[in-house]
Amino acid sequence: MRSPRPYSPQSGPGTQSLTERRKAATQLDIARAACELFAQHGPDGTTAEDIAHRAGVALRTFYRYFRNKQEAVAPLLAGGGDAWRALLAEEDPATPLAESLERAVTRSLSDSPSVEEGLEVTRGLLRAAAGDEALRAVWYRVNQESEERLVPVVARLAGPAADPVSVRLVAAAATDAIRVALEVWSAGDAPVTGPGSPADLAVRCLRELTAAMPLLR
């Protein structure tokens with residue numbers, strides 16, 4: 001899933017160097033190539049050489065960044081989580097947390113044509129992952145890492161008095177809501193917008209998973 005807005009480096013102590021930005025751009029190019037090829041030919045029909053060729057890099061460059069072909073999709077998948085957390089971080093702590101979560105989830109899955117394009121790539125990738133254990137492992141790992149990075153974002157919005165366990169549960173539920181929504185949507189032929197879309201399913205999943213959580217009442 002692609003970010004709904006182009007990445008733009010921010011000034012300050014955490015600014016990436018030019019070398020780091022080039023490295024990240026190369027990894028993302030490789031990830032996009034891998035996702036496209038897996039969707040078209042499946043993991044068994046795609047080699048690391050194929051991915052490197054599609055991305056326009058040497059095979060040695062591919063292996064400089066990734067251990068195997070399945071790992072190559074991780075940067076693109078992680079970019080979706082980065083985008084959604086950034087949108088949630090923009091929310092005002094004074095806003096009810098449930099409202100903030102639903103708005104950020106909806107925006108992250110339906111905010112622009114680039115998101116819609118990325119969702120179609122994700123659909124093809126998740127369909128390919130259904131028959132490839134290593135590719136599914138990457139998908140689950142990226143979701144776990146995204147959940148861990150979501151915890152401080154939720155904690156800030158929930159306020160200093162929030163129970164840490166409740167914060168962790170909300171982060172887990174929000175992450176799983178998006179994951180399940182994308183998996184269910186990818187298995188069918190629903191459109192990228194409207195009823196049955198990822199955004200529609202994610203909000204439904206979020207509401208059902210968090211209905212009994214005190215932090216969102």
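Hi everyone. Let me start with a term: a residue is called buried when its relative accessible area is under 20%. Keep that in mind as we look at this structure, which is a predicted model.

First stop, helix α7, where we find N143. Is N143 buried or exposed? Its relative accessibility is 11%, so N143 counts as buried. Leaving aside residues up to four places away in sequence, N143 touches T175 and R179.

Through shared partners, salt bridges join R67, E71, R141 and E145 into one network.

E145 also turns up in the lining of the second largest cavity, along with residues including A78, D82 and R149. Which elements give two or more residues to that lining? They are α4 (74-89) and α7 (133-158). The space inside is about 40 Å³, and the lining has four charged, two polar and two nonpolar residues.

Now for the salt bridges across the whole structure: there are 14. One of them joins the side chains of R207 and E102, at 2.8 Å from N to O. R207 belongs to helix α9 and E102 to helix α5, so this pair ties together parts 105 residues apart in sequence. Another bridge has E90 meeting R107 at 3.4 Å, with E90 in the loop between α4 and α5, and R107 in helix α5.

Conventions: Residues numbered from 1 in each chain as written. Predicted model: local features only at pLDDT ≥ 70, side-chain atom pairs only at ≥ 80, totals over all residues. Heavy atoms only, no water. 1 Å grid on protein atoms, 1.4 Å probe; cavity = no way out; pocket = protein on both sides within 12 Å on 5 of 7 lines; lining within 4 Å. Points joined across faces, edges and corners; volume = space filled by probe spheres on them. Helix = DSSP H or I, 4+ residues; strand = E, 2+ residues; numbered from the N terminus. Nonpolar A, V, L, I, M, F, W, Y, C, P; charged D, E, K, R; others polar. Buried < 20%, exposed > 50% of the residue type's maximum accessible area, 1.4 Å probe, protein only. Contact = heavy atoms within 4.5 Å. Salt bridge = Lys/Arg side-chain N within 4 Å of Asp/Glu carboxyl O.
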